[in-house]
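Here is a set of questions and answers for a reader who is meeting this structure for the first time.

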Amino acid sequence: MTATDQSSTTDTATMVEALGVRKSFGRTEVLKGIDLTVRTGEVTCLVGPSGSGKSTFLRCINHLETIDGGSLSVNGHLVGYRRKGDRLHELKPSEVAAQRRDIGMVFQRFNLFPHMTAAQNIMHAPVLVRGESRKVARERASQLLERVGLAGRENQYPAHLSGGQQQRVAIARALAMRPPLMLFDEPTSALDPELVGEVLDVMKGLASDGMTMVVVTHEMGFAREVGDSVYFMDDGVVVESGTPSQVLENPRHERTKAFLSKVL
Amino acid sequence: MNSTPTSTAPPERSDARVAPADLEVVPLRHWGRWVAAAIMMLFAASFAWSLARNPNLEWSVVGEYLFKDFVIKGVGITLMLTVVAMVIGTVGGVLIAVMRLSSNPVLQAIAGFYVWFFRGTPLLVQIIFWGFLAALYERLVIGIPFTDITFASFDTNSVVGPMTAAVLALSLNEVAYAAEIVRGGIGSVDDGQDDAASALGLTKVQAMRTITLPQAMRVIVPPMGNETVTMLKSTALVSVIGGKDLLTAVQSVYAQNYKVIPLLVVAALWYLALTSILSIGQYFLEKKYGKGYGTASMGRRWLGRGVAR
Ligand SMILES: Nc1ncnc2c1ncn2[C@@H]1O[C@H](COP(=O)(O)OP(=O)(O)OP(=O)(O)O)[C@@H](O)[C@H]1O
Ligand SMILES: [Mg+2]
């Protein structure tokens, strides 16, 4: 790994660095200056009430939303911009696409491609974007399906899979691009309660393999068990952050306490 | 007292315990359908009888002309016009639809104007317009606008003959309708699909081509099938500018021998045969693009459950 010389005192590299990130939709400011740091290999959980801006912030990280202020960098590169002297130049769409290849994303509603089988879903981007051969990509799709506990489901269409299975295929699809960073937006919120566990298990496996992850979640148990740090967001700001035990067990702010008393 | 709690079970209860396989199932009989069908058949039969015996129809003449050379040639041109207009119409339609949905305001406006113009004027007027293009521009010139520099110049009538005019009119008109159908199809695809494609690093064009359009096809194919059937029939309109299509062909013959009705029947039979074949093709296309969605079979739905037993 090529270490960036300006990286801070710790010896672990910074994967995501957000400084004063702002975002508005029309006149409503949804993110009001978010600071956040994710170190390589860590699992960062974002929690907070509905509408607090968690999804919006996550989508800023891979430039699905553009930011209106502050700065956001992933793996040492500014997201969506290139710095030349004192100026920030917007990247071309093709350059943005290239940046996104290294950031995997898993959505609340899976967003599998319904016209493709599980294997085709997984192979699609590696073949189309990275130019991998179909044969290699197909083999890897099988391996990834096995890794998420769905060996032998290559030829099934999403419509014939349960929600939990679909979400695991979606995780495999994101992993197929070998991203160093994975973003999860409430990956279990659309699932029946009995299916939540199988998805969380896959995510725990990823975490223990050292994947860097940013997870928006309402699963406090997961945050406590797997999270290295937890950020509590409310109304577009980070109210408090720290280790799971700091934020979830000994919250300092009233808003955090009020939120936790509702979800726990 | 409560030693035998179910002792007063009514006798029907015991019937319900018999295994279903042992009982004969009487499907619901749809008497209304049978009566309606019988009445309709009666009317249809009497109409067919009147047609068959009507001497003005001259069935022997119909049979004589059905496979005549000039008819077959006309059918070929009608088919050619349909295919070319639909191909150009579909490709152009996708283009205009993508322009209309793009974030570029100039492209949006051009596409919007195009659709507004070509859907807002009758096809027949457009056909005549292209047919009489020479009356508007006597010569067509290729050069640099607002200068005297020209690379080539043609006599309009020699370049845009009736066939070219027919193709232009039908395709440019179809582009506008196809654009709206494609736009509707693209709009029907969940936004999350585009998010997922973008997140995987696909470019906009790749996402449109491999993710959005294939899914939009499910919504696009049925109305485009109808468009094709409509187009096949609309080709008859080019007879007003002498387009050499099926209708023009039979017209030029009945203008001489006055066998108007039988020759129109010949044309109608061909149109019917061709539209029927198109409908079959549409069925298979819909099946192809319905993959992964588990669509219910139409036949099963129409026949109802009783027949399936
Ligand atoms: N595309 C958009 N256009 C306008 N407003 C939006 C858009 N997306 C989000 N918002 C608004 O931004 C605010 C934050 O939304 P966001 O989805 O980020 O919240 P969230 O914390 O993820 O909530 P939830 O837990 O319900 O998913 C909400 O008030 C929402 O209505
Ligand atoms: Mg959200």
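Q: Which residues are linked in a network of salt bridges?
A: The model is a predicted one, and the rule for a salt bridge asks for a side-chain nitrogen of Lys or Arg within 4 Å of a carboxyl oxygen of Asp or Glu. By this rule the count over all chains comes to 20 salt bridges. The residues linked in a network of such bridges are K23(A), R59(A), E65(A) and D195(B).

Q: Is E240(A) buried or exposed?
A: E240(A), in strand 12 of chain A, pairs with R252(A), which sits in the loop between helix 8 and helix 9, and their side chains meet in a salt bridge at 3.9 Å, N to O. R252(A) is exposed, with a relative accessible area of 61%. Buried means under 20% relative accessible area, and because its value is 3%, E240(A) counts as buried.

Q: Which backbone oxygen does the side chain of H115(A) reach?
A: H115(A) lies in the loop between strand 8 and helix 3 of chain A, and it is buried, with a relative accessible area of 16%. Its contacts include Y157(A), I211(B) and K291(B). At 3.1 Å, the side chain of H115(A) reaches the backbone oxygen of T210(B).

Technical notes: Residues are numbered from 1 along each chain as its sequence is written. Chains are lettered from A and ligands numbered from 1 in the order in which they are written. This is a predicted model: local features need pLDDT of at least 70, side-chain atom pairs count only at pLDDT 80 or more; totals for chains, interfaces and linings use all residues. Side-chain values use heavy atoms; hydrogens and water are left out. Helices (H or I, at least four residues) and strands (E, at least two) are DSSP runs, numbered from the N terminus. Buried means under 20% relative accessible area, exposed over 50%, partly exposed in between (1.4 Å probe, protein chains only). A polar contact is a pair of N or O atoms within 3.5 Å; within protein, one must be able to donate a hydrogen and the other to accept it, and residues adjacent in sequence count only if both atoms are side-chain atoms. Contact means heavy atoms within 4.5 Å. Lists of a residue's contacts leave out its neighbours within four places in sequence.
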